[in-house]
Amino acid sequence: MNSWHVDERALRAYAERDLVALERASVEAHVMGCGTCRSELGRVARGSVGTVSFEDLWGRVQTRVDVAPSVRTTRWLQRIGVSDSDTVVVRQIGRQCLQWTIATTLVLALAALAATLGVHDSAQLGFVLLAPLLPALGVAATYRLTPTTTSVLEITSPYSPARLLLWRTGYAVATAVPASVAFGAVIPGDPWMAVAWLLPSAACTALVLVAATWTDPVRPAAVVSAGWLGLVASWHVRHVPDALVTPSTQFLSLAVALAAGAVFARRLFVLRVHVL
Amino acid sequence: MHLTIRLDHVTHRYRDAVALDDVTFQIGTGVTALLGPNGAGKTTLLSLLSTAAAPDNGNVEVFGHRADGTLAERTAIRRRLGFLPQEVEFPSGMTAFGFLEYIAVLKEWNDKTARHREIRRVLGAVQLADRPTIKIRKLSGGQRRRLAFAQALIGDPDLLILDEPTTGLDPEQRAVFRATLSERGRHGTVLLATHQTEDVGAVCDQVLVLDRGRVAFAGDVPSFIDSARGRVWVDDAPVPDAVASWRDPNRRVRSVGGEPPPTAEPVDPTVEDAYLLLVGPTPGVEVAA
């Protein structure tokens, strides 16, 4: 026999489907084993139905009809604690950047195919060039692919610009990293290559992120890309194809990423931007 | 009348071109028309007021906050602002409801139930309540314009800034639009940039005319119309040296400005007449300010 019972407010929220998944599961588990709460739930549910106005009920029905069913990503984001309103933003970013996501995945897949067909050197060079840059370029793409007037509406809205920037960065990273890791795994050569690009990538992305607090991220992304291409070209000319996996490259990348991250945090503080 | 907008000696340039030149004016509650020929600086002015851009010189204040101030000041303005740009390019693949939901989230409507209720309200206000799930690309030009207007109405903002909102609307839709604006003007501020001078007479309390980056007129609508009194005629032929002449519905020729012949009959001026006299090619027109 249970020594505690679910309070009426929680039961009412359960009956009206206003609880998040974890709370709902908890109430459900308790109610299944507690006759008192079960009968109380029946009473609350009847009362709840009785107090819902027709207008509210009709509003809920309309909303169910109006809103596209949640895609798996949305449900997953909500499960890890992303708020409902932020999932709307992420969905919008995904919709605007679909072409970018498809294009990058296709390029990586073709490069991986080339590697498996025996064009090893070119595939490796392509990988070292592309993989670290994709998240940084993705951040710029999320801005460039937004229609100009939608950008104006974003700028003139009270939604935190830093928060929007971070969601866009998160989207770019989340879509580019798995494809790049998969590509890296099929490249012959140093097995560390599959993950060695992550720190340089973090450095490039952090540099774009911090520059984006001053200006449109497209220009810094172009500058960072040019810098990275120059560095890779110099490795190629000096015949050091494995320079990416050396400790010096990794430490330098980590230092740049940390420094840029610190500047970004400082910028948020100076600008009094509340991200969350 | 509560003061909503105050511009003090504002200048803004695009490289060498001066878009706004030492502009000073104030706007309070009610509907204010913003008139001016293409290139007069209207869109630049709206960008400054909507916090999308900052002036090179001078001070822009909205609700007592600097529009080029700290992020906190700009956010305070944005929370009370509804903005309709001249052309709204919609993100591809979206539904009307989806687009409005994104804008509502940007406007901090975080509660899902309240947000959806608000979206249905603004869809109803622009007569698109029966088309929430349709893809935007399948909407007509007028319907898209109404959808763009709907996003500006989200949250019933205290300040509505509208750039050419009636472009592409049929007469019936324009009537609905005017009714909405009149209602909004009773308890808030509406700044309406338009080339449709008939909208000005129908819904506006005040007129602000920009010409080549400077304020050519700022005052109420009757004063603006009065500025053309005694300078508009009808006759069987155009008046020589008139700023503009055209045939009216009675098959007579209406002329604005110029030296009328003895046969010309003076008629009551309209907003359009006053506007043509003010920004037309005839120099030295005296206008009440």
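1. Where does B:R251 lie? B:R251 sits in the loop of chain B between β12 (244–247) and β13 (253–256). Phi of B:R251 is near 65 degrees, a positive value in a residue other than glycine. B:R251 has a relative accessible area of 62% and is exposed. Exposed means over 50% relative accessible area, buried under 20%, and partly exposed in between (1.4 Å probe, protein chains only).

2. On the basis of the model. This is a predicted model, in which local features need pLDDT of at least 70, side-chain atom pairs count only at pLDDT 80 or more, and totals for chains, interfaces and linings use all residues. Residues are numbered from 1 along each chain as its sequence is written, chains are lettered from A and ligands numbered from 1 in the order in which they are written, and side-chain values use heavy atoms, with hydrogens and water left out.

3. A further positive phi. B:D156 has phi near 50 degrees, a positive value in a residue other than glycine. B:D156 belongs to the loop between α5 (141–153) and β7 (159–163) of chain B. Its relative accessibility is 38%, so B:D156 counts as partly exposed.

4. Chain A overall. Chain A has 15 helices and zero strands. Of its 276 residues, 42% are buried. Take the contacts (heavy atoms within 4.5 Å) between residues at least 6 apart in sequence: in chain A, 78% of them join residues at least 24 apart.

5. A helix pair in chain A. Two packed helices are described by the angle between their axes and the distance between the axes. Helix α13 (residues 198–211) and helix α15 (residues 247–270) of chain A pack at about 25 degrees, with axes 8 Å apart. Axes are lines fitted to C-alpha atoms, for helices over the stretch in contact, and angles run from 0 to 180 degrees between N-to-C directions. α13(A) and α15(A) are therefore roughly parallel. That label covers angles under 35 degrees; over 145 is roughly antiparallel, 65 to 115 roughly perpendicular, and the rest oblique. The crossing of α13(A) and α15(A) is left-handed, meaning that the near helix is turned anticlockwise from the far one by less than a right angle.

6. The residues in that contact.

7. The cores. The largest nonpolar core has 106 residues. Such a core is a set of buried Ala, Val, Leu, Ile, Met, Phe, Trp, Tyr and Cys residues joined through side-chain atoms within 4.5 Å. Helix α3 (residues 96–106) of chain B gives the most to this core, with nine residues. A second, separate core of 26 residues includes B:I5, B:A40, B:F83 and B:L208.

8. B:F224. Among the residues with the most contacts inside the largest core is B:F224. B:F224 is in helix α8 (residues 221–226) of chain B. At 0% relative accessibility, B:F224 is buried. Beyond four places in sequence, its contacts include B:L35, B:V209, B:F217 and B:Y275. B:A274 is 50 residues away along the chain, yet the two C-alpha atoms are separated by 6.4 Å.

9. B:Q173. This residue is in helix α6 (residues 171–187) of chain B. B:Q173 counts as buried, at 15% relative accessibility. Leaving aside neighbours within four places in sequence, B:Q173 contacts B:G142, B:R146 and B:G168.

Key. Helix = DSSP H or I, 4+ residues; strand = E, 2+ residues; numbered from the N terminus.
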